[in-house]
Amino acid sequence: MEELNSTSKPIKPNYKALAPLIVFLVSYLAVSIIAGDFYKMPITVAFLLASSVGAAMIKGGNLQHKIEVFCQGAANGNVLFMVLIFIMAGAFAQTTKDMGSVDATVNLTLSLLPPALLAPGLFLAACFVSVSVGTSVGTIVALVPVAAGIAAKTGINPALMTAVIVSGAMFGDNLSFISDTTIAATRTQGCKMSDKFKTNFLIVMPFAVITAVLYYFSANASGLPYDPQKVEWFKVLPYVAVLGAAVSGVNVILVLAGGTILAGLTGILTSSFGIWGWTEAMGKGIVGMGELIIVTLLAGGMLETIRINGGMAWIIEKLTKNIKTKSGAELSIAALVSFANLCTANNTIALLMSGPIAKDIAANFKIPASRTASILDIFSCFVQGLIPYGAQLLMAAALASLTPIEIMKYLYYPILLGLGTLVAIWLGYPQKIRSFFKK
């Protein structure tokens, strides 16, 4: 392969570079809405179309060069790390399902929570787990199968129950001290995590409470009576171990690998399957992640073509051009990280890209570093929790056998998080509210 020098050259801003993103949104979202069926246009085909447009738009070089630039994005370290997580998650999810761990955990949850509190209870559980483990994807892998099982037994909309977990996962991704987004946001702004947490918490907590209430009414209206079965406590062990290891800060790959081994041994000891049944379950789970892996690779390549063609540079130029007020500066920071997230489908990368620019804007308008870090982290999680090609929604959809679009309309927390924080920026909350009560 020839050496790629395109990344070392200054990238000229170019709005036309955003064309692949528009092609994807039209071919997947618009076509699906018009057809009235989100299974009519496979997301892999939509990404293939968008990726082809992005690669074709790369200037200079022959076809081989364009393909290599695309492959460079697909082979990005963060992309491949996500692929590895998907592989391990597939093996773990299918092993626990075939072994009976999911059913046992579902029965345990049903025996502990009354019907009316299933959805808000799972939302709070997902919030707690995600804050503890610091990873939204890890929370989704652990809890979506349980939510899907509860939906099947109670008659609650499975898309709603899946959205409950994704919403809770994004809550922790935004607030956790060990979340990579929190670390990226605070490091780029040079503020303490505790200061960012206090500011962030005051902004987002009202929306979490409202979300729990909304899930109470949404699920309570659609749920059906259920009869909890006997809990097989031994089969719950793999989930307890995985959550415990994750909370302890163990690497997510090791957590999933250890969880798969423990689930397999538990299955053999309880005669749920034999050694070959275990290997068959792992293989089936990995193959089941095939579409998700393909989408991730195509998305990585497509988003690299947008960057290399000047799409991100154009967005940065436009958003930082005419800032006149502090509120305008905060809105530009929010828009900057949001667009970066749309073009990278990775909130940590979006934070690292937009963080230095946001710090300069904040310094010019005397915005506290903790508030800037909070705005960056909030809007990166807001976008990441809603984009249908983000790892969180793709993973949740794959585990629940749904499409990302089916889940999106029930994602109350990310929606409230984004809209509510815009209002907080407009009102100057919480600084102006504090000043008012001090008078």
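Is Arg 371 buried or exposed? Arg 371 counts as buried, at 2% relative accessibility; buried means under 20% relative accessible area, exposed over 50%, and partly exposed in between, with a 1.4 Å probe and protein chains only.

1. Basis. This is a predicted model, in which local features need pLDDT of at least 70 and side-chain atom pairs count only at pLDDT 80 or more, while totals for chains, interfaces and linings use all residues. Residues are numbered from 1 along each chain as its sequence is written, and side-chain values use heavy atoms, with hydrogens and water left out.

2. Salt bridge of Arg 371. The partner of Arg 371 is Glu 330, with a distance of 2.7 Å from N to O; a salt bridge is a side-chain nitrogen of Lys or Arg within 4 Å of a carboxyl oxygen of Asp or Glu. Glu 330 belongs to helix α16 (residues 326-344) and Arg 371 to helix α18, so the contact ties together parts 41 residues apart in sequence. Helices are DSSP runs (H or I, at least four residues), as are strands (E, at least two), numbered from the N terminus. Glu 330 is buried as well, with a relative accessible area of 4%.

3. The other salt bridges. The structure holds three salt bridges. Lys 196 and Asp 377 meet at 2.6 Å, N to O. This pair links distant parts of the chain, helix α10 for Lys 196 and helix α18 (residues 369-384) for Asp 377, 181 residues apart. Lys 196 is buried at 1%, and Asp 377 is buried at 0%. Arg 307 and Glu 304 also form a salt bridge, their closest N and O atoms being 3.0 Å apart. Both lie in helix α14, three residues or about one turn apart. Arg 307 is partly exposed at 25%, whereas Glu 304 is buried at 12%.

4. Aromatic pairs. There are 11 aromatic pairs in the structure. One of them is Phe 197 with Phe 201, stacked at 5.7 Å centre to centre and 25° between the planes. Rings of Phe, Tyr and Trp (its six-membered ring) pair if their centres lie within 6.5 Å, and planes under 30 degrees apart count as stacked, over 60 as edge-to-face and the rest as tilted. Phe 197 and Phe 201 are four residues apart in helix α10 (residues 193-222), so about one helical turn separates them. Tyr 216 and Phe 217 are edge-to-face, because their planes stand at 80°, with centres 5.0 Å apart. Tyr 216 is partly exposed at 29%, and Phe 217 is exposed at 54%. Ring pairs also join Phe 123, Phe 171, Tyr 215, Tyr 412 and Tyr 413 into a cluster.

5. Second largest pocket. Its lining consists of 33 residues, and Ala 397, Ala 398, Leu 399, Ala 400 and Ser 401 lie nearest the centre. A pocket is an open set of points on a 1 Å grid over the protein atoms alone, where a 1.4 Å probe fits, with protein on both sides within 12 Å along at least five of seven lines; lining residues have an atom within 4 Å of a point. Helix α19 gives the most to the lining of the second largest pocket, with five residues.

6. Thr 403. This residue sits in the loop between α19 and α20 (404-408). Thr 403 is buried, with a relative accessible area of 6%. Its C-alpha atom is 26 Å from that of Val 131, 272 residues away along the chain.
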